[in-house]
Amino acid sequence: MAEVAYVRSPLKGVDLGSHPFPLEKYEILERLLREELHVPPERFHPAEAIEDEDLARIHTPRYLDDLAHVRETWATLSSELPVTAPIIEGFRRVAGASATAVRLALHEGVGFCIGGGFHHAFPDHAEGFCYFHDMAIAVEKLRAEEGVERVLFVDADLHQGNGTAVIYAEDPDTFTYSIHQERNYPVKQRSDFDRGLDDGTGDEAYLSILQGDLEEIDSRFPSPDLVCYVAGVDPHRDDALGGLALSTEGLQRRDEMVLDRYVAMGIPVAVFLAGGYVRGGEGTARLHLGTARAAEQAVAAV
Ligand SMILES: [Zn+2]
C-alpha cells in the first residue's frame, strides 16, 4: 500500500537574516505534521547527499565554480539571496532532500519534501531566491540511478516555473506545466503548457481551469512515471507577493485535485513546497500542512 514519506528540511541553522523567505516554516511544518497529522517518526527521512556530478547534470561548470568559491558575480547576485557559504551549502543540501523525495515517491507512492521547489534557478545563474534547481537535480539523479523516464511537472506555485521550462525545453520525456499569475515575476519562459491567470482569479475559476488543464495533460503526456507537484501556497489571497486570491479552502481543493488524481492512477508523486508568504512562517506552514493533509487523504482513498 502506498504511503506518504516525508523528507526533513536540511536547512536547520541556515539564517537568511531579514529576507522575506520564511525559512522557519519548514521546522514549524515538521512540528505540525507530528502534532496535528500524527505522522510517526519512521515516516520522516533525512536528506541524502548530493555530489558534484549531480549538480553538473543541470548547472554549468562556470556557475558551479562561482558557487563553490562564493564569488559575487552576475550569476550568483541574481539570486536575491545573500551570497554566503552556509546559505549556498544549505540550498545544495535541499537538492539532496528533493532527490530523497523523488526516490521515496518511486518506492512508497508519495515523497513529500519539507522544502524544495526552487523552480527559478537556471543552468547558468540563480534567480528569485533559488541557487540550485533542486527538482531537476533530483529528477536527473534518479533517471541516472533508477531509470525513471517520463516525468511530468505540475507547477501550481503563483510564479511561473521559468527555470524548469528552460532546463526541459528540449526534452521530450519531460512535460512542464505551469499555472501562475501572468502579471507577476518572473519574465516568462516557455513551458510545454503555460496557463497564465488574471489577477484576482479566485477559487471557482481557478479550480475549473486547473481541472480542464489536467485532463488535457492526460492526453498530451499520458502515463508519466513520476509527477513532480510544485505546491507553492502563494496563490493564497493573503499572500504578500501574490494576487490570485485563492481562499484556504480553494488551495486545499487544488491540492486534493492534483494529488487525488495521480495517486488514484498509481503514479508516484513527489511534492515540493516552493513559495508562500502568508503571515510569516506559522501562517505559511499551516497552508503547507493542507497540502500534506491532501496527500494523506489521497493515499488513504486508494
Ligand atoms: Zn512563488
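1. Glu-182 sits in the loop that runs between strand E5 (174-181) and strand E6 (193-197). In this predicted model, Glu-182 is partly exposed, with a relative accessible area of 38%. Together with Asp-192, Asp-194 and Asp-198, Glu-182 forms a negative surface patch.

2. Which residues coordinate the zinc ion? They are Asp-157 (OD), His-159 (ND1) and Asp-234 (OD), at 1.9 to 2.1 Å. Along the sequence, these donor residues follow the spacing D-x1-H-x74-D. His-159 belongs to the loop between strand E4 (151-155) and helix H7 (162-167), while Asp-234 belongs to the loop between strand E7 (226-230) and helix H9 (248-264), so the pair ties together parts that are 75 residues apart in sequence.

3. Are His-159 and Asp-234 buried or exposed? His-159 has a relative accessible area of 6%, and because buried means under 20%, His-159 is buried. Asp-234 is also buried, at 0% relative accessibility.

4. Salt bridges come next. A search of the whole structure finds 26 of them. One is formed by the side chains of Arg-71 and Asp-65, at 2.9 Å from N to O. Arg-71 is partly exposed, with a relative accessible area of 32%, and Asp-65 is partly exposed as well, with 34%.

5. A salt bridge also links Arg-279 and Asp-238, whose closest N and O atoms are 2.5 Å apart. Arg-279 lies in the loop between strand E8 (269-272) and helix H10 (280-300), and Asp-238 lies in the loop between E7 and H9, so this pair ties together parts that are 41 residues apart in sequence. Arg-279 counts as exposed, at 56% relative accessibility, whereas Asp-238 is partly exposed, with a relative accessible area of 39%.

6. Arg-254 forms a salt bridge with Asp-255, with the closest N and O atoms 3.0 Å apart. Both Arg-254 and Asp-255 are buried.

Methods
Residues numbered from 1 in each chain as written. Predicted model: local features only at pLDDT ≥ 70, side-chain atom pairs only at ≥ 80, totals over all residues. Heavy atoms only, no water. Donors = N, O, S within 2.8 Å, 3.2 Å for Na, K, Ca; no water. Helix = DSSP H or I, 4+ residues; strand = E, 2+ residues; numbered from the N terminus. Buried < 20%, exposed > 50% of the residue type's maximum accessible area, 1.4 Å probe, protein only. Patch = residues over 30% accessible without salt bridge, like charges linked within 9 Å, V, L, I, M, F, W, Y side chains within 5 Å. Areas by Shrake-Rupley, 256 points an atom, 1.4 Å probe, with all protein chains shown as cover. Salt bridge = Lys/Arg side-chain N within 4 Å of Asp/Glu carboxyl O. Lys, Arg positive; Asp, Glu negative; His and termini not counted. Charge placed at Lys NZ, Arg CZ, Asp CG, Glu CD.
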